[in-house]
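Let's take a walk through this one together. Have the sequence and the 3D view open side by side, and follow along.

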Amino acid sequence: MIAKAKAASRVATVRFHPRVLKARHAMGDRVSGEALVAKDGFSARYDLDRIAGVFSRPAHKLAGQSYVGRILVLDTSKGGVASAWMLAEMRSRDKVPLAIVFNTVNPILVQGAALGGIAMLAGFDEDVTQLVPNGATVEIDPQAKTLRIVAATGR
Amino acid sequence: MRLNSEEKAMLAGEMGPVPKLAIGHQVQVGDFFGARDFVPVTQAHIMADTESLGEHGVQWLENLAAAKKGDRTVRIPTITDPRGTDFSKARELKQAPWMLDLERRAIDAFVKLGVSMTDTCINYQTVLAATRGEHVAFGDTGVVIYSNSVCGARSNFEGGPSALSAGLTGRTPRYGFHLDAHRRATLHVRTRYTPGSLNDWGALGGVIGRLAGNYWDVPVIEGIDRAPTSDELKHFGAAMASFGSVALFHLVGITPEASRLADVAGKGMRRHEVGRKEVKALQQSYAVDAKVDVVVFSAPQLSIFELRALAELCDGRRFKVPLLAVTSPQVKPDSDRFGYTRRIEAAGGTVFAGMCFYQSYAREIAEANGWKRLATNSAKMVNILGGYGYVPMLASMEDCVEAAQTGRLA
């Protein structure tokens, strides 16, 4: 048991790499919060139960988890054009992520973030979903186009 | 972004608050993508069903529509994607009055803005197809991928706020698929399989969409052995866009920019082989239950030829479970005149116009009607409806019609 705990502690130590990641594209205001990370896509229409504020598509890697008030770190935007309206509608009911970070993004999510006033970063040299631990506290600075890992509390 | 004098005047509010808001939104998006300037567009197509808009979005539209007449009018032909209902048959869907009220308010606002309520996602078949090299601002991913790929037009995915902004300003930021550089292929897909049915075409599109995986990937497909029909490419493109967020594909020897592979081949293309096995695997992944609660033909809306085929399959049958067929307001009168509507409805089906099934409060109407297990020939729709609590199943039009009669999918 103790050996297992020590091993887990070593893993946690090894996993934390405080660093600043630079994006090529950015929008919105500076925010900080807990990261919800998955190597998966994002569509407000396809993937979410927007009333409950959770990922609802069964095949999604974050199925069942709440996105409200968290900084989503995902691979890419997916699906239809509805997300362009939906982020603003979600914002009006406070069922919205704090920010969204993508490896690659399509115009729809950018247009939606612009209308909904949601911070967004996209375009990294490495896979951002592998660099940010799930549950880490991160800070998004769109002016500087950076994501800073403040604390890797990794769950 | 570099703005000309007219664009600077718009941004300064010299042409009123509505163009100012519209171009401000466009500059924000253009700056994000590093657009150097605007490109004039000839048409805009707005996706704006009220399930997506919500009360907040409808109020936003009403605020724009309250501006002074003349300041608020779109500058170019601006049309709409399907609405969230067919008012004449909303009761059959068990839609609530508040849904219809929200729809009416949104429509009133659009009309005040000068938008033409075409309510279709197949405008390239029914309204006015864009031509090769024509810059447009289209919403609905199926419309964009068809227009870019089959017509050779130039559009990004323009969500509702951006498409409306393009209508109001007559331009859009010049980035993405407006530029030659982004239209070259990034992955080369070889196949020896030419699909037969529409759901096979959709499934192949879905397989390639998954391989592509993001908006900036452009597949070039080699090996299709005949010229596909417009309906086949409609399902193929709509599914590719849905599964992969893809906005442009090329078919060697078929689509206008790819007479030869070398015309569109990009440097360092990824290479894949796909065939019947991958298509069947995708279809099988949705074959999870034999029982069916509802059969739906929608997404994209049906052409007159699809309704003709459906009418022939419905003759002499009596359905046990609801069969819904959704088309555009431009096609429906012809379906009525040609007797297709009557034949489908004589078997117990219903033909809707001007809406799309998944844009019509799909979750709420599922609960109101007790629908969960849904059969369709639309690969796009099976990809979407899982998130709405359905168990969607993909089958041919023939098997779906049989399922409507027996309640079971063979």
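**Where the chains meet**

Start at the contact between the two chains, to which chain A gives 33 residues and chain B gives 31 residues. On the chain A side, the elements that put in two or more residues are strand S2 (25–27), helix H2 (44–47), strand S7 (71–77), helix H3 (83–92) and helix H4 (107–116). Sort that side of chain A by class and you get 16 nonpolar, 12 polar and five charged residues.

Keep in mind that this is a predicted model. For the complex, the predictor gives an ipTM of 0.90 and a pTM of 0.93. Chain B comes with a mean pLDDT of 97, and 100% of its residues reach 70 or more.

Three strands of chain B make an open sheet, in the order S3-S2-S4, and their pairing is parallel. Strand S3 (78–80) and strand S4 (137–138) of chain B are the edge strands, each pairing on one side only. As a reminder, strands of a sheet pair through backbone hydrogen bonds, either parallel or antiparallel. Strand S2 of chain B, residues 44–46, pairs with S3(B) in the parallel sense over three bridges.

Next, the helices. How do helix H3 and helix H5 of chain B pack? Helix H3 (residues 50–65) and helix H5 (residues 97–112) of chain B lie at an angle of about 40°, with their axes 9 Å apart, and the crossing of H3(B) and H5(B) is left-handed. From H3(B), the residues that meet H5(B) include B:Leu53, B:Val58 and B:Leu61; on the H5(B) side, B:Leu102, B:Ala106 and B:Phe110 are among them. By class, the residues of this contact between H3(B) and H5(B) divide into nine nonpolar, one polar and five charged.

Last stop: B:Glu134, which sits in the loop between helix H6 (123–126) and S4 of chain B. Leaving aside neighbours within four places in sequence, B:Glu134 is in contact with B:Thr42, B:Ala153 and B:Arg154. Take B:Thr42: B:Glu134 and B:Thr42 are 92 residues apart in sequence, yet 7.5 Å apart in space, C-alpha to C-alpha.

How values were computed:
Residues numbered from 1 in each chain as written. Chains lettered and ligands numbered in written order. Predicted model: local features only at pLDDT ≥ 70, side-chain atom pairs only at ≥ 80, totals over all residues. Contact = placed C-beta atoms within 7 Å. Helix = DSSP H or I, 4+ residues; strand = E, 2+ residues; numbered from the N terminus. Nonpolar A, V, L, I, M, F, W, Y, C, P; charged D, E, K, R; others polar. Pairing = 2+ DSSP bridges. Axes fitted to C-alpha atoms, helices over the stretch in contact; angles between N-to-C directions. Left-handed = near helix turned anticlockwise from the far one by under 90°. pLDDT = per-residue confidence, 0-100.
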